[in-house]
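Visitor: I would like to go through this structure with you, one question at a time.

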2 protein chains.
Amino acid sequence: MIQRAGRYTLSLDEARLASWASAAGKKEAEGPLGTCFDETFSDNSLGQESWEKAEAMLQKTTVELALGKISLPPGGVDFILAGDLLNQCISSTFGLRPFGIPFLGQYGACSTMALTLGLASVLVEGGAARQAAAVTSSHFCSAERQFRLPLEYGGQRSPTAQWTATASGCVVVSREGPVQVRHVTFGRIADLGIKDAANMGAAMAPAAASTLLDFFQDTGTRPQDYDAIYTGDLGMVGSELLCQLTEKEGCSISAVHEDCGLLLFDRDQQDVHAGGSGCGCSAAVLCGMILPKLASGELHSVLFAATGALMSPTSSQQGESIPGISHLVHLVSSC
Amino acid sequence: MIQRAGRYTLSLDEARLASWASAAGKKEAEGPLGTCFDETFSDNSLGQESWEKAEAMLQKTTVELALGKISLPPGGVDFILAGDLLNQCISSTFGLRPFGIPFLGQYGACSTMALTLGLASVLVEGGAARQAAAVTSSHFCSAERQFRLPLEYGGQRSPTAQWTATASGCVVVSREGPVQVRHVTFGRIADLGIKDAANMGAAMAPAAASTLLDFFQDTGTRPQDYDAIYTGDLGMVGSELLCQLTEKEGCSISAVHEDCGLLLFDRDQQDVHAGGSGCGCSAAVLCGMILPKLASGELHSVLFAATGALMSPTSSQQGESIPGISHLVHLVSSC
């Protein structure tokens, strides 16, 4: 049964993660988590004729893998919740078109994995779905040409910029499985006026702080009650700001904080500047590393707080600041 | 309590629509429903410095109006579900940024009003929210320059093209109110290979047929059991195709079918070719006309099946066909 805990948090009993899968591109495969992913692609085109179609294929791949692990046919999934960074979410719509599963399109920028997972969990817990899937993706090449510069231009990147991950993650929520969804906190839009689109971490850090502080307040818990708090994807700049913001509120998370954007790549070796980003970054780290550790009992209780920057090139060109959002899912090992 | 009815439909008992509001632009105010809207703007810029900011203001306006009618402060809304047609859904994120309400971004193209309303109803019914708001918008000028041609170019429109409405609608779902949400059917992606981006009606009609036929099958009802079946926004071409498709399946809806895109404008007088479209079209028709008629008892039981085309200019340029989707909400007068 869904219960409201405090002002912003939902408390769940029965939603479980039955299966998950991750897929990643070449650079991600060469990073510290390279061996964690279910599938990696040495050619980032995935044999497709455009980067957008390659990204759609990433989502299709992780959905097939996640369903396959529990021998669940697409018809056994009541809803699929998905979104991505591309205009009109075309990697989701084209990637999931073949499955014939009722489709609930979501938009949370890089927070999308927590948004889809949180909502899928609420749908299962509330009896709307027996099984619901949550999936998202990003692709370096489709994101660069849509949000930044043509790849061929070879533009210089600022030190605060992050590297959009070529990756996808899919989770199947059910009532049985090795990981429990204990709480969900859907975030509020936070905007402290950051306008630098090459410094998304700074724009998103206040949203992460807001959602985490709401969650601690609502549940009466503290950062040290959790094995780890994973944000995604603040990178180096945003992570430092988040630690400062939470510390200022007397609720320091530094001792248990990790960021998916910092876990995915080796910043010293891989030239990703402030770290990884993109919907697929936190999705792949969740499905490739965090969930396996919860399933094995290596981790017992973690917070997954994905973060998104809710801007577009148009809003930035029109002088707008960058609103951030962070959605949080509290995951517990069933071991 | 949420119950599953058949394969694709959710049956609800307790979700009610407590309040709603609509806003529209100049051309919509001059149309057949001009007097129905809560607020109309004679200047489509709404005093803003860009069309995108004007569209964000439309959403802000309807949220304020809908909350104001029941004297509900933003803090009384547990979640707001919103989306729009613009890249990265910026009319929603910037329009709703001031409210501080937990934000669940949705993407369903022109089906978004049914997606947000259906999901808000499920959240209230399942106990996740006491009050949840659903809102969407579109703006002719922001849509034209993003999806089609610069306004200044003055391009000719094909006879099958539709006119994106400058409009918004917001609904507040609660456990009390004059309209009940009885069923929700979230749609599956349907794609019969239509590639003409100037003929969205044809691309979306199969999705509307699929969702309606699923709903009739799941509930054991027939079209004549409803006072009206409102699709949005198929326009003239898509409406004719939908009637043919349902008739072919032995389930003709012609006698009770209306389309929001055909209701919003006078096709003879207003030069909108095949009719209206855009997320805001079905949202404003729902909030300006359908819900008031349900609240007064003039209508008793209707289906609201909004339709969306899940493409982007990029996917069309890459030769992709146009996937359609339709989400359905069954609304009943509490009178």
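**A helix and an interface**

Guide: Just after α6(A), Gly220(A) takes a positive phi of about 65°. This is a predicted model, in which local features need pLDDT of at least 70, side-chain atom pairs count only at pLDDT 80 or more, and totals for chains, interfaces and linings use all residues. Residues are numbered from 1 along each chain as its sequence is written, chains are lettered from A and ligands numbered from 1 in the order in which they are written, and side-chain values use heavy atoms, without hydrogens and water.

Visitor: Why is α6(A) largely enclosed by the rest of the structure?

Guide: Helices here are DSSP runs of H or I with at least four residues, numbered from the N terminus, and α6 of chain A covers residues 200-219. Buried means under 20% relative accessible area with a 1.4 Å probe, protein chains only. The helix is largely enclosed because, of its 20 residues, the number buried is 17.

Visitor: How much area do chain B and chain A bury between them?

Guide: Buried area is the accessible area (1.4 Å probe) that two parts lose on being put together, summed over both. Carbon and sulfur atoms carry 59% of it, and the total is about 4700 Å².

Visitor: Which residue of chain B forms a salt bridge with Arg97(A)?

Guide: A salt bridge is a side-chain nitrogen of Lys or Arg within 4 Å of a carboxyl oxygen of Asp or Glu, and across the interface of chain B and chain A the rule finds 8. For Arg97(A), the closest N and O atoms are 2.6 Å apart, and the partner is Asp191(B).

Conventions:
Helix = DSSP H or I, 4+ residues; strand = E, 2+ residues; numbered from the N terminus. Expected span 1.5 Å × (residues − 1). Buried < 20%, exposed > 50% of the residue type's maximum accessible area, 1.4 Å probe, protein only.
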